[in-house]
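I opened a new notebook page for this model. Below is what I looked up, entry by entry.

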Amino acid sequence: MIGQPTAPTVDLADDTYPDLRGLTPEAVRGWSSEQCRRRAAEIRRFLVDRVTRAGGHLGPNLGMVELTIALHRVFDSPRDVLLFDTGHQSYVHKILTGRATEFDTLRQAGGMSGYPCPAESRHDLVENSHASTALSYAEGMAKAFALRGEQRRVAAVVGDGALTGGMSWEALNNLGAGSLPVVVVLNDNERSYAPTVGGLARHLAELRAGRGGPNLFDGLGLAYLGPVDGHDVDAVERALRRAAGLGRPVVVHCVTRKGAGHPAAEDDPADRMHAVGPAGGGGGRSWTSVLGEELDLIGAERPDVVCVTAAMALPTGLGALMRRAPERVFDVGIAEQHAVTSAAGLALGGLHPVVAIYSTFLTRALDQILMDVALHRLPVTFVLDRAGITGPDGPSHHGMWDASLLALVPGLRLAAPRDSSRLRHLLREAVAHRAGPTAVRFPRAASGADVPAVRRTPGYDVLHAAADAPVMIVSVGPMAEAALGAARLLGEQGVPTTVVDPRWIAPLAPELVALAAAHRLVVTVEDATTTGSVGSRLAQALATTGSSARAVPLALPAAFVAHGGREEILRAHALDASGIADAVRTCLDQR
């Protein structure tokens, strides 16, 4: 048993940080114990200062300061491999490998990534920004080094939250069955976004209290060291050196505090300042808050509606319903596959589950959507937050693929609301649908003002009508304002244009296909990847009608898009009003 882990409180008196510039792991290994303590305090002050300016993951990194220093004192990066799961807890690693001066550009276009990034540094080997992956990377790399005869050590830092994910247990199962000298550093702060859930959380609590009894890691075949105060550099360093000397798979259990040393983070009951926005950022009501409010209203009306989340109840808007009816919100930990199939079980049991999840994480459970939900035509609703371009979190977090992938799922209906009123209406339509699964996708952004329709039909809303228009723009979800802006520009240039919003984008409504067939050029505007887009599917549908209409998708490329501001990225891919208008004129000139 150890006492409550401690860390010095942040003092923001100085913001120059000359001792942090150009750091190297070699320099860190030369620090005395006193220098380690002083540098830890300076790094913590630096993090609060720079991350609150630029925006990013603050709480997780405040808890990683001493632990990361100890890692770099024991292991020789990059010859020895250091992996961080999840990668948003790698900020201190970036500082210790010479990147402190780049923090002013954190998560900005062309600037430093908020995750490990091999393109930035030879000390970053993988870009692991999804949870529960590091142990599998570590196991595979250790195998490769053994087969190649390379004497390289592997250490993977995994949080107790990430350890709730299935991949982590698959990797532990394989590590325990062999003799690979992988050091698993368990960063136990009792949280992911929220408190860690499940039997693992109870077991770790017993270990922290010295009442562990039989140790599950020992049972799996891994050695176990700890618990260790993760805010004591000397204690962590001693444990890591002992672990590295065992020559076998070993878990080093380090107890830390998320947000350590920064009272504002430590006192934050929601998520210990897990992520903070840039200073001066703002504006307007988020799509997530609208979703949460409407879902709570629906829950009050329908006792059969329940929610499932993968460790992200508050970030996905479930807070209101969770406060009013906590027994109807199920947090399964970072376990998306289990979340989806558990939802299937809830539906089989007579309930209507709503799975609230980020778009980028839903792809981890595609097989479960297909075979466990859709195959059985179960009424499960997926609420996909952060769909499309998310902005500063970068290529692993853009929700670019859900629209293409879900369009392949037989019997699934997919909605893309253009504004907050449509989000409310389409969510209600989704949970009222009983013949199979539904999904509603929306971006990470302010929801903005409502975009009224001039006419509503069963298959689409008309947002802008023009007599004898040769061009029709199909605006998908939140792209409505850009599409209407393009129509105004085109109208000023003598090109009358119709703008429609399909509301439900998969499957395509026959009425939408018929309207498209009556136009010369149909341009779809969507914040999803071109492959499998509404535009490509509409072109296929038009080909079966014998129409001469040409369908052109304006969407994101089938590529990994770098981080930056949402509007900045959309503009760079010609998905703003002027870009759309230019594309329409180019297409007309080609006819």
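**Entry: Thr360.** I started with Thr360, which I found in helix α15 (residues 359-362). Helices here are DSSP runs of H or I with at least four residues, strands are E runs of at least two, and both are numbered from the N terminus. The model is predicted, so I note its limits: local features need pLDDT of at least 70, side-chain atom pairs count only at pLDDT 80 or more, and totals for chains, interfaces and linings use all residues. Residues are numbered from 1 along each chain as its sequence is written, and side-chain values use heavy atoms, with hydrogens and water left out.

Is Thr360 buried or exposed? Thr360 is buried, at a relative accessible area of 5%. I use buried for under 20% relative accessible area, exposed for over 50%, and partly exposed in between, with a 1.4 Å probe and protein chains only. I then listed what Thr360 touches, setting aside neighbours within four places in sequence: His130, Ser396, His397, His398 and Gly399. Contact means heavy atoms within 4.5 Å.

**Entry: Thr101.** I looked up another threonine, Thr101. Thr101 sits in the loop between α5 (91-96) and α6 (134-148). Thr101 is exposed, with a relative accessible area of 53%. From C-alpha to C-alpha, Thr101 and Arg50 are 10.0 Å apart in space, and 51 residues apart in sequence.

**Entry: Asp80.** I found Asp80 in the loop between α4 and β1 (81-85). Its relative accessible area is 4%, so Asp80 counts as buried. Not counting residues up to four places away in sequence, Asp80 touches Phe75, Arg152 and Arg153.

**Entry: helix α4.** I checked α4 (residues 65-74) next. Ten of its ten residues are buried, so α4 is largely enclosed by the rest of the structure.

**Entry: the cores.** I looked for nonpolar cores, meaning sets of buried Ala, Val, Leu, Ile, Met, Phe, Trp, Tyr and Cys residues joined through side-chain atoms within 4.5 Å. The largest has 54 residues, and Phe382 and Leu406 have the most contacts inside it. Helix α14 (residues 336-348) gives the largest share of this core, six residues. A second, separate core holds 52 residues, including Val28, Val51, Val65 and Val74. I noted one general point: in soluble globular proteins, nonpolar side chains tend to be buried together.

Beyond four places in sequence, its contacts include Val340, Val355, Leu362 and Ile369. Pro437, Thr438, Ala439 and Val440 are also among the contacts of Phe382.

**Entry: the seven-stranded sheet.** In what order do the strands of the open sheet stand? I read β7-β6-β8-β9-β11-β10-β16, with mixed pairing. Two strands pair if DSSP finds at least two bridges between them. β7 (329-331) and β16 (504-506) are at the edges with a single partner strand each, so one side of each has no neighbour in the sheet. Neighbouring strands are turned by 25° against each other on average, direction ignored.

Strand β6 (residues 305-309) runs parallel to β7, joined by three bridges. Cys307 stands opposite Val329 in β7. Helix α14 packs on this sheet, touching β6, β7, β8 (352-358) and β9 (381-385), and its direction makes about 165° with that of β8. Axes are lines fitted to C-alpha atoms, for helices over the stretch in contact, and angles run from 0 to 180 degrees between N-to-C directions. Helix α18 (residues 420-432) lies across β8, β9, β10 (413-415), β11 (438-441) and β16, at about 165° to β11.

**Entry: strand β3.** Seven of the seven residues of β3 (residues 182-188) are buried, so β3 is largely enclosed by the rest of the structure. Val182, Val184, Leu186 and Asp188 point one way, and Val183, Val185 and Asn187 the other. Strand β2 (residues 154-159) runs parallel to β3, with six bridges.

**Entry: cysteines.** How many disulfides does the structure hold? I found zero, taking a disulfide as a pair of cysteine sulfur atoms within 2.5 Å. The sulfur of Cys254 is 15 Å from the closest cysteine sulfur, in Cys36, which is too far for a bond. Cys254 is buried at 0% relative accessibility, and Cys587 is buried at 7%.
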